[in-house]
Amino acid sequence: MVKQESESANRPDNTAFTQQRLPAWQPILSAGIVIPGFVLIGLAFIGIGVALFVTSRSIQVLELDYTGDSNGSPCSSCSQSVVTNCKCSLNFTLTTLFQGPVFFYYGLSNYFQNYRRYGASKDDNQLYGDLSYFTSPSSSCSPYDYDSSKKPIVPCGSIANSMFNDTFTLTWTVNGTTNNVPLDGKGIAWWTDYNIKYRNPSVTPLKNAFNGTVKPINWAKPAYELDASDPSNNGFVNQDFLVWMRRAALPNFRKLYRRIDASGDYQKGLPAGNYTIDIAYNYPVRAFNGAKKIVFSNVSWMGGRNEFLGIAYLVIGSLCVVMSIVMLIVYAKFKFPDEE
Amino acid sequence: MERLRWVQQCCRQLLAGDSRRGWYSDGLPTSSLLNTHSPRGRVCGKQRTVFPRNGRHQQDYERVSRNYKSNAISTTKYTFLTFIPMNLFEQFHRAANLYFLFLTLLNWVPVVEAFQKEITMIPLLLVLIIIAIKDALEDFRRYLFDKKVNNNVVRVFCGTQKSYVDQCWKNVQVGDFVHLSCNEIIPADMLLLYSSDPHGVCYIETANLDGETNLKQRQVVSDFPLQGEEFTPESFHSRIECENPNNDLSRFRGYMEHSNGVRVGLHSGNLLLRSCTIRNTETVVGIVVYAGHETKAMMNNSGPRYKRSKLEKHLNTDILWCVVLLFVMCLTAAIGHGLWMNSFKESIFQVDTETPPALAGFYIFWTMVIVLQVLIPISLYVSIEIVKLGQIYFIHNDLSLYNKQLDSRIQCRALNITEDLGQIQYLFSDKTGTLTENKMVFRRCSIFGVEYPHEENARRLEVYESENTETAVCSVTLKSGYSGKSLSCRSLSCNRSSVSLHTLTAEPMEEDQLSGHVQPRTGAFCSRMAKEVVPDPALGRKLNWLTNHSSSETPSSMELTYITDFFLALAICNSVVVSSPNQPRHVIPEERTPLKSLEEVKLMFQRFSFSPFSALSPSQIKGSPHSLKSRLFIRGKRGSLTLSTPVSNTTDVSSSSQENDSKPDLSAREEEEQDVEDQETEDDLKDTQTNPDEARQSMQDLTKQVEEITDELVYEAESPDEAALVHAARAYRCTLRGRSAESLLVDLPGIGSLAIQLLHILPFDSNRKRMSVVVRHPLTGQVVVFTKGADSVIMDLAESPTDQTEVYSHIKEKTQKHLDAYAREGLRTLCIAKKVLKEDEYDLWLKAHMLAESSIENREELLLESAQRLETNLTLLGSHCSSDLNHSISELKYQHLKRMRVFSGTTGIVDRLQEEVPETIAALQRAGIKVWVLTGDKQETAINIAYACKLLCASDKLLTANCGSKDACAALFEDLILEVQGGESLTALTGNGESMSSSFILVIDGRTLGWALEDELRSNFLELSRRCKAVICCRSTPLQKSQVVQLIRDHLGVMTLAVGDGANDVSMIQVADVGIGISGQEGMQAVMSSDFAISRFKHLSKLLLVHGHWCYSRLANMIQYFIYKNVMYVNLLFWYQFFCGFSGSVMTNSWVLILFNLIFTSAPPLIYGILNQDLPADALMELPELYQDAQTSKTFVPYMFWITVLDAFYQSLVCFFVPYFAYAGSDVGVLSFGSPINASALFIILLHQVIESNTLTWIHMVVLVLSCTSYFGFVLLLSGFCVTCSPPVNPLGIELLQMSHSLFYITCVLTTVAALLPRYAHTHTHCRNSCTGSVFPLGALYNSLIIKSFTLTTPGDANVVITDTAIH
């Protein structure tokens, strides 16, 4: 017995694995599966496409450019001048109800928040509320880490420095009366940003934490005074600041400014009527041939309005169906002579 | 466990590549280049001087030996301290590692920094660490092994204690006297000074060194004064001069100078080599001359073969294209960035713009190199090596490449050319042992011009063969000593229980066990078939006449002399080592007394009935102990000569031989004794012998009897023909009973045991194609040279017949006829010739020979010359044979076969074709592989074998090229080319390309081949051979074989494979792209130099057609997939540059980016490369034509690369722009935008693989699922817990939020489907075209096979597949 074992000690194991006989499945499927499969996929895609298209169509979007490039536009004076605290206002009329919930965005064009050196110009540790980084910001913030007098800038870096600082108020004129449309600035930033990623140093009052530092060069007010109306909305957890700090992926983007507070008259959205937006025009965009706009939009299950997805689904779905038809023809043409 | 060890072994070999660490036959660790330093550097001069240690030469010893290495070995590459620097140093020899080091360093330059500094180091670190761990483990194993070896104990002479004491191997020094017993392993290279064997011989087994298990004989230094007595190291005062350490196992030169100034030559026969084992010798003592790393064994560790496969060369061009692509992309980005910067008048986005756009563009170029680095696949090389390991694992484990009889698997010795197996276009095969079994069986012979057909023998062989085919397993009892086992056997212990005095003195019970052990291990080449030769009745009768002269048929005395000498030559002209289970091998029975031999001679003399003596020439009797015998014999001979020379026909001689029964010298006493002797030996035969009808029966009885007596003898021969001949001789009761360095013991029929003084052995070499032994003839006392060799050589040497030797020319003619007939039958022929040397001639030659032997320089050349001188001199002497009587006497004997009447014999040996050889060759030819046979055999034999193995069929046209001169050769080639072209155009006219009916076969002989390989004729030869279906080169030397392979390989630029089994195939195996050794009957040299070692020729078809095809298609596809994967993924980043001002921004977290290729998508290509089967094995075997795809590199052609790249571009475009449009204008953040892109890229890459795979098993599924989960697990973890890590692309919350949006999924689905749709459609239609289209003529057959095989492999899916293939 022992001898027999030793005689065939070198014999390879006869298993499906070692002999490469594992049961296998062929991904190149037969026409019998592929053709109906393609039809099914095609139909499914067409279905999704239609749904997306219809949904997208139902989303209302209102875009108002206020860059002021052209002379006729209300903000042209502001865009030309270098005057600070320039104000201008835009008017628009809604003929039907703008279905709620309505989101109020500001949009920028040709603005490269994704520029690598711009994007790198911040200090996550500082923004996390780590006081040691207040006095010595990361070098990645350069040249906005220290001001000319070598004082550390908090929050440092280009992103913070370039924070969007136009402000808007929306008024609704109906039957001659002008109402301020309530705007909700809470919860426009990501939950994780607000609660985890950005923190104010646990110093009260907050102002003391910023001792020995200076505000970013372009800012009118220091970080701890960003929102005078709500003390808790100051420092690094200021909602507008958080929104700005989440860099846009593409050069033409919009950022959430406010939500229309769904209360009172605005429960179902923006009712029909005339509206006026008063703009504190501060942010210069001409240097990079940019444009600014205001966007009102409501959302659906698929996000904002996007007709591309629906069309793409329809196209791909149709392609699948067409392919299955072609395959059917090929199948018929090649198979039947063979079988005769 | 076994598998694990195998992988470890493979890793070891794999990693050993660059450092020349070696493969070692017994698994001994191997020495690196660093350790086997050049000896020249250390010791001045070319010689080393060795003094005995601890003796009175202590001072000399210390002066000389200071620099000699001790016996401690260290094969480790590193120590604790040097591991990290040295390992890193070695690893950075790889270009890829340097490139990535450069990238890492680049990332530390602030202006071009793309990622966090640490991140770019990850791929490099990972690769370095993996390799370093493997190196460390391996080195540690070697360290342990070294320790074990170094601490082996051996008995070394201690000067102070005046006795042998136990010491560790590592403490042995040069100059030590080492005492070894049987079955001990030799610790260092030492000179044999004493052996317990009375003849000063000892046997060693070199299995640990070269895998050969037959015993080799070593001799005590000749003329050593202490010979025979117990050796006392104290009295050794000689000085040894020898060459410096070198790695030539078969060469050792030097001399020993005794204190009295006498010099004794030393040669390799005196040297005991480290790691060999002492066998059959009780004790030996030697002095160490080389120790430790300077031993030949250690210096001989050649590393594993490192060949670069064709695919890898191909791959490099693709990598180069990737570099070009990378350069273009980076340049685009650089220019784009410069322009973009230029378009802004003021400070852009509040980042300083002091850098001018041009400089910024330059910086961006380097940044982009870092960002897009993945395009150059760092892991590809590592992956390829892993994949090849996996492929080798499966080849190694294939049951159909396993030989049950030998219990050996295929050995894969080269690890990185698996895919070359799939591209072979030319196969060069040896004949003997490769196509045939190389189990030689004596078939028939011709002596004295008389043919002995041995019909009974033939019948027996047929019976044997048929029973062999019926029950292949049980009939083949041969279990060759060197199966793969002895190679893999790594234990230092004695696994071979051969007989020794040691074991003999043990208790009887042990002895029984021992013999039980010995039994299955018959000596090499001793198959039952070879051992049992049924004697030819006619020859048997003639031979019996010796023993029983009253036989009715009386051959002529001359013929009898021929016959006796023939068998004597068969028995002794060889290097066979005799051993027997019951008798220690080295003890030669000494029962023969001089008196007895005298009586025998007289008997012989009487029977031969020779004429009266004439005067003896003084030279023939001088001082020889055999003088009486020789005198008698010579006179008898001479008598026969005087009678036979005038007559031209043999029957006359026989009549005359009867007349001289009364010899004056024979006394009555002797006569009486002879009778007694007769009765003793052949009593039982007498009655039957007289009846011719019963002669056959009696012969069989005789044989049986002989076999019973001598059955326990085991012959260990170096080549199977030798064994066959010795066994044949034994069948005629001419039995080789023992051998020592100086004498041979032979049983002769009717005479009994004779000790033959062995003067010299001129061993076989392939240049001379013959071997000779110089002996003192037992009966005549003359110096006789027996030569055995290829017929052409012997015939040439016996070439110049003189006028009055018609009888010999007659014999020669007849013999030539027989030879041709044998060759036509496909038999291997050997001729045996003999020459008698006069004493003075011998002395003259001996002096020159001694000179040659003792010379240190050019010893081999001189010896060769010397041998040739001895062998060729024969013919010269023969040319004037009649001039004087003395001459003619001696001439008689030395004449070679033909014109030399003395004695000519030729043997035909059968070599059976291996099983399934014709089928294999047919399959290989169908696969488009041109099969060439390169053999050293005769043309007729080669052609016959070629017919037998279906290389030739009856309709083929044979083109024979045997030219006498170069010019004739040139002309012939021209003619042949014209003929072939004519034939081709004829085939073209008939319009049927498939008609293989008129294909041409070129047969070329060695001499013509030599001319054909010269520059002028080379092109014609190539042209001719290219057009032939097959080429058979006969009579080719090893060098020619390799030249042919080289010529074809280099000039036609094709993949070549050489397969062979013997030492003569080694050069061919090494030259070919793929060398395959057959671990057959002829030692391990071929295997040692091969890339793959198989045990049967038939394994080639599975190896090439299935494994080769798979390996190639797997690897080619895997590489393409790898490139696709990288291009596809990197392009996503590239497209993004168009939207971020070419600033080198990425939309993905850099960890994910780096790990994406390194981890998340690294396993699927490996699995694909190891497990994918583009076609089922059965289909590949049944349709060898499928092999042709890979031959012409169809899978890996340049346009496929570009198609792959284009597809990758398309997919990346889809993968980027679908999300782009889906998110355009929204408030999506950088990383949120990257999230769906990354996810869909993962899906696309994995599903692409699924589409490309031809088979999916649960392993694929597991790997795919693991890849997905690891990716999503990782990104979710990052998004959950990475708070301040990885700036500026902090992924906190990204994935969590994204994956809660339906848009993410909508995008992913659309992207994946849109990206894969073309590939899927293409794969489908492509398959459809190739399967049914007219492009592929085999469509229908192919389909049916696919159906069949898939029905077999996947019963569940069978019906599905059938319908599928039907539409194809």
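This is a predicted model: local features need pLDDT of at least 70, side-chain atom pairs count only at pLDDT 80 or more; totals for chains, interfaces and linings use all residues.

Visitor: Let's start with the open sheet of four strands in chain B: what's the strand order?

Guide: The order is E1-E8-E9-E10 in chain B, and the pairing is antiparallel. The edges are formed by strand E1 (47-50) and strand E10 (263-266) of chain B, each of which pairs on one side only. Direction ignored, neighbouring strands of this sheet are turned by 20 degrees against each other on average.

Visitor: And how many bridges join E8(B) to E9(B)?

Guide: Four bridges join these two antiparallel strands, E8(B) and E9(B), and Cys242(B) stands opposite Gly254(B) there. On the E1(B) side, E8(B) again pairs in the antiparallel sense over four bridges, with Val50(B) having Ile240(B) as its bridge partner.

Visitor: What does Gly254(B) face in E10(B)?

Guide: In E10(B), the residue opposite Gly254(B) is Leu266(B); strand E9 (residues 254-257) of chain B and E10(B) are paired in the antiparallel sense over four bridges.

Visitor: Is strand E8 of chain B largely enclosed or open?

Guide: Strand E8 (residues 239-243) of chain B is largely enclosed by the rest of the structure, because four of its five residues are buried.

Visitor: OK, and strand E5 of chain B, how many of its residues are buried?

Guide: Seven of the seven residues of strand E5 (residues 189-195) of chain B are buried, so this strand too is largely enclosed by the rest of the structure. Six bridges join E5(B) to strand E13 (residues 283-290) of chain B, running antiparallel, while two bridges, also antiparallel, pair E5(B) with strand E11 (residues 271-272) of chain B.

Visitor: Which residues does Met190(B) pair with or stand opposite?

Guide: In E13(B) the bridge partner of Met190(B) is Val288(B), and in E11(B) the residue standing opposite Met190(B) is Leu272(B).

Visitor: Switching topic: what's in the largest nonpolar core?

Guide: The largest nonpolar core has 136 residues, and those with the most contacts inside it are Leu372(B), Phe1216(B) and Phe1233(B). Helix H39 (residues 1099-1137) of chain B gives the largest share, 18 residues. Apart from this core lies another of 68 residues, among them Phe92(A), Ile159(A), Trp172(A) and Phe288(A).

Visitor: What's Phe1233(B) in contact with, leaving aside close sequence neighbours?

Guide: Beyond four places in sequence, the contacts of Phe1233(B) include Ala249(A) and Leu250(A) from chain A, and Tyr1136(B), Met1147(B) and Phe1216(B) from chain B.

Visitor: And Arg116(A), buried or exposed?

Guide: Arg116(A), which sits in helix H4 (residues 116-119) of chain A, counts as buried because its relative accessibility is 13%, and the cut-off for buried is under 20%. A polar atom of the Arg116(A) side chain lies 2.7 Å from the backbone oxygen of Ser1143(B), and the residues that Arg116(A) touches include Glu113(B), Ile364(B), Thr367(B) and Gly1144(B).

Visitor: Last one: what annotation covers residues 62-120 of chain B?

Guide: An unreviewed UniProt entry annotates residues 62-120 of chain B as "domain: P-type ATPase N-terminal". Over that stretch the chain is 42% helix and 0% strand, with the end C-alpha atoms 57 Å apart.

Terms used. Residues are numbered from 1 along each chain as its sequence is written. Chains are lettered from A and ligands numbered from 1 in the order in which they are written. Side-chain values use heavy atoms; hydrogens and water are left out. Two strands pair if DSSP finds at least two bridges between them. Axes are lines fitted to C-alpha atoms, for helices over the stretch in contact, and angles run from 0 to 180 degrees between N-to-C directions. Buried means under 20% relative accessible area, exposed over 50%, partly exposed in between (1.4 Å probe, protein chains only). A polar contact is a pair of N or O atoms within 3.5 Å; within protein, one must be able to donate a hydrogen and the other to accept it, and residues adjacent in sequence count only if both atoms are side-chain atoms. Contact means heavy atoms within 4.5 Å. UniProt positions are given in the numbering used here, feature names are shortened, and annotations may be inferred rather than shown by experiment. A nonpolar core is a set of buried Ala, Val, Leu, Ile, Met, Phe, Trp, Tyr and Cys residues joined through side-chain atoms within 4.5 Å.
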